[in-house]
Amino acid sequence: MRQLLKPLVPLYAAGLAWKNSRFDRKLSQVRKLSRPVISVGSLSAGGAGKTPVVLALLELLQQYGVITDVLSRGYGRKLTQAIPVDPKGAAAEFGDETLMMARRGWEVFVAPQRYDAGLLAEVKSSAALHLLDDGMQHRQLHRDLEIALLTREDVNDLLLPAGNLREPLENLRRAQVVVLREEEAKQLSLAVHHYAPMARRWIIRRSLRIEGPQPERAMAFCGIARPSDFFTALKRGGIPLVSQQTFPDHHAYTDAEIASIGERAQQMLCDAMITTEKDAVKLPTSMPGMRVAYLDAVFTDPATVWADLQQMLPLQ
């Protein structure tokens, strides 16, 4: 499929270059909120791990007394107005990842235009700082700090529609901070030095934890951008997987699919059906045997991250 779509890549690249040049030359409107904005994004369309980094930043800022909220598009939501995310609501109303963050206790505001979400946040929230989720390509909103994630898969990928990259690697130069996974940091050091030599580097350590006792026979299923990462992490954690099932990213599960997953688990004598936290917000809590895997992330050097934030942002 990639080979078939390769001829379309130059067209996509030309359109992207035109769009970015308009922002670079200040021909396209950029709106600014009253409070500082940190954008967390990536070059890829999905799977880079932006949400765990947003959560890690929220935790770190809270530890230093900085109240922060999240602005997001709310991918996949049916409503279009700017609204705060209700943790008791449904993913169809707010988006799966945004609902997941709200259920972890964070203030999240969603709107098709993140500026509108920010205006609402500045009325409803006492936060001193906004985190713009998946904001690298949303250049219509001014950001005081651009953070970009980079993964090994990004370096070897192609631009859309043949690959998963929304922007070429050279656009990493717009970032003041590049976040790398601990296990990939050394391998990606040269790439960061080449494409973003002036950027600070923050290293993130990720870990997967599963609620409940260790299963003896488990099936795993998910609807995320890079399902192999999830299955590999489970296996590395000693989870005995006897079945794996994948769905499209941000998949909305039907009743028939939920029933099919349960039947498959029964047929394979599984004592657990493990899914991601992002998938779990779209599934009934009463689903028998379902166990949730939580992806946690922390910065390996939080003191340096905090020092960088103080230097680069107007924090009070």
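Two strands pair here if DSSP finds at least two bridges between them, and strands themselves are DSSP runs (E, at least two residues), with helices (H or I) needing at least four, numbered from the N terminus. The model is a predicted one, so to speak of local features takes a pLDDT of at least 70, and side-chain atom pairs count only at pLDDT 80 or more, while totals for chains, interfaces and linings use all residues. Residues are numbered from 1 along each chain as its sequence is written, and side-chain values use heavy atoms, with hydrogens and water left out.

On one side, β1 runs parallel to β5 (residues 129–133), with 4 bridges joining them; Ile38 sits opposite Leu131 of β5. Strand β1 is also joined to β6 (residues 145–149), again in parallel, through 5 bridges, and here Ser42 stands opposite Leu149. From β6 the pattern carries on to β7 (residues 177–181), a parallel partner held by 3 bridges, where Ile147 of β6 faces Val177.

How much of this is buried (under 20% relative accessible area with a 1.4 Å probe, protein chains only; exposed is over 50%, and partly exposed lies in between)?

The structure holds 5 aromatic pairs, where rings of Phe, Tyr and Trp (its six-membered ring) pair if their centres lie within 6.5 Å, and planes under 30 degrees apart count as stacked, over 60 as edge-to-face and the rest as tilted. Phe221 and Tyr253 are edge-to-face, because their ring centres are 6.0 Å apart and their planes stand at 85°. This pair links distant parts of the chain: Phe221 belongs to strand β9 (residues 218–222) and Tyr253 to the loop between β10 (241–246) and α10 (255–267), 32 residues apart. Phe221 is buried at 0% relative accessibility, and Tyr253 is buried at 10%. Tyr253 also meets Phe247, with centres 5.0 Å apart and planes at 70°, so this pair is edge-to-face as well. Phe247 is buried, at 12% relative accessible area.

A pocket is an open set of points on a 1 Å grid over the protein atoms alone, where a 1.4 Å probe fits, with protein on both sides within 12 Å along at least five of seven lines; lining residues have an atom within 4 Å of a point. Its lining includes Phe23, Asp24, Arg139, His142 and Glu146.
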